[in-house]
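Me: I am new to this structure and would like a close look at a single part of it. Please take the aromatic rings and go through how they pair.

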Amino acid sequence: MTDKHKMFLLLILSIVMAGLFIGYGLTADNYQYFLSRRIPKVLAMIIAGFAIGIASFCFQTITNNRILTPGIMGFDSLYLLIQVLVVSLFGGLSVMMTHAVINFSISVILMMAFSFILFLLYFRYSASNIISLLLLGVIFGQLFQSGSSFLTMLMDPDEFANVQASMFASFNNIHVELVYWTLPVLILVSAWLFNIHRTLDVYLLDQDNATSLGVDIQRTTRTVLLLSSVLIAIATALIGPIMFFGLLITNLTREWLKTYQHKYLLTVCGLMSVATLLTGQWVIEKAFGFETTLSVVINFAGGIYFLFLLLRSKVV
């Protein structure tokens with residue numbers, strides 16, 4: 001089976017699962033209500049899947065490491081800290097917490113501000129390397145996590161219930177406004193990353209060879225990091241944190257496609273993310289009856305796969 005055939009297969013699977021999600025159980029009496037809830041839900045999974053998949057794959061390319069994802073920069077921990085701070089300062093019933101658009105805007109703006117400040121300050125020093133930046137991200141992530149843990153211990157139990165919903169990814173309470181606001185941003189940023197797929201191909205030769213072939217390593221690295229942070233910020237603020245999803249999808253894509261061309265890798269990674277989310281959420285709803293959440297299953301499977309990758313000497 002060629003790469004194009006595999007891509008087409010994933011596209012068909014994604015379309016079938018999306019159609020199944022939207023059309024299952026519709027009748028002439030209930031279609032208006034169910035469509036108003038199911039279409040934003042499916043679009044949210046498509047947006048989150050493409051955003052996490054593409055951002056994680058590009059991030060691994062520029063870091064030349066298959067066990068790293070943008071989550072190492074502390075975005076998940078920062079998102080949770082933002083939610084805890086909003087509840088601590090303004091209350092769980094404040095407009096900043098209950099109004100979906102305002103809460104989403106605050107989360108995205110603060111996460112983007114953090115990434116821009118971190119990257120711009122870092123790239124002022126030409127002697128810096130990507131490993132130092134990743135270590136800095138790990139430190140900030142632990143700082144954010146410790147801050148949110150400390151504040152939740154001081155929080156009233158009733159207020160903590162408002163924060164608890166933000167700790168796990170959820171597709172059941174997606175707001176239509178957020179979906180249609182984020183869709184143009186996803187298309188624009190994804191198109192930008194696809195446009196530099198040839199440059200990302202050269203990155204696989206290592207930075208020295210890429211530089212000798214005319215690639216501006218610092219500029220390309222900065223661009224990919226900033227665009228990846230935009231996608232991860234949008235996906236996290238839209239559905240919540242999914243820790244190991246990017247790691248799982250990117251490595252499954254590499255196992256399935258034996259190619260170096262990012263025009264195929266990015267497309268298949270995005271489609272595989274969408275197909276996985278749609279299929280997984282369908283199984284959670286129909287087979288398990290909402291007894292668990294998709295993010296818990298993904299984190300469990302991703303954690304096991306992460307340990308498996310660590311034990312394989314060729315990826316560490």
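Reply: Phe21 is buried, with a relative accessible area of 5% in this predicted model. A search of the whole structure finds four aromatic pairs, and Phe21 forms one with Trp282. Trp282 has 17% relative accessibility and counts as buried because the limit is under 20%.

Another edge-to-face pair is made by Phe114 and Phe140, because their planes stand at 70°, with 5.6 Å between the ring centres. Phe114 is in helix 5 (residues 100-122) and Phe140 in helix 6 (residues 130-154), so far as the chain goes 26 residues apart. Phe114 counts as buried at 13% relative accessibility, whereas Phe140 is partly exposed at 29%. Ring pairs also bring in Phe144, which forms a cluster with Phe114 and Phe140.

A ring can also face a charge. Arg254 lies over the face of Phe57, at 4.2 Å from the ring centre.

Back in helix 1, which covers residues 3-23, there is also Phe8. Phe8 is exposed, with a relative accessible area of 53%. Together with Leu11, Ile12, Ile15 and Val16, Phe8 forms a nonpolar patch on the surface, with about 460 Å² of accessible area in all.

Conventions. Residues numbered from 1 in each chain as written. Predicted model: local features only at pLDDT ≥ 70, side-chain atom pairs only at ≥ 80, totals over all residues. Heavy atoms only, no water. Patch = residues over 30% accessible without salt bridge, like charges linked within 9 Å, V, L, I, M, F, W, Y side chains within 5 Å. Areas by Shrake-Rupley, 256 points an atom, 1.4 Å probe, with all protein chains shown as cover. Salt bridge = Lys/Arg side-chain N within 4 Å of Asp/Glu carboxyl O. Helix = DSSP H or I, 4+ residues; strand = E, 2+ residues; numbered from the N terminus. Buried < 20%, exposed > 50% of the residue type's maximum accessible area, 1.4 Å probe, protein only. Phe/Tyr/Trp six-rings, centres within 6.5 Å; stacked < 30°, edge-to-face > 60°. Lys NZ or Arg CZ within 6 Å of the ring centre and 35° of its normal.
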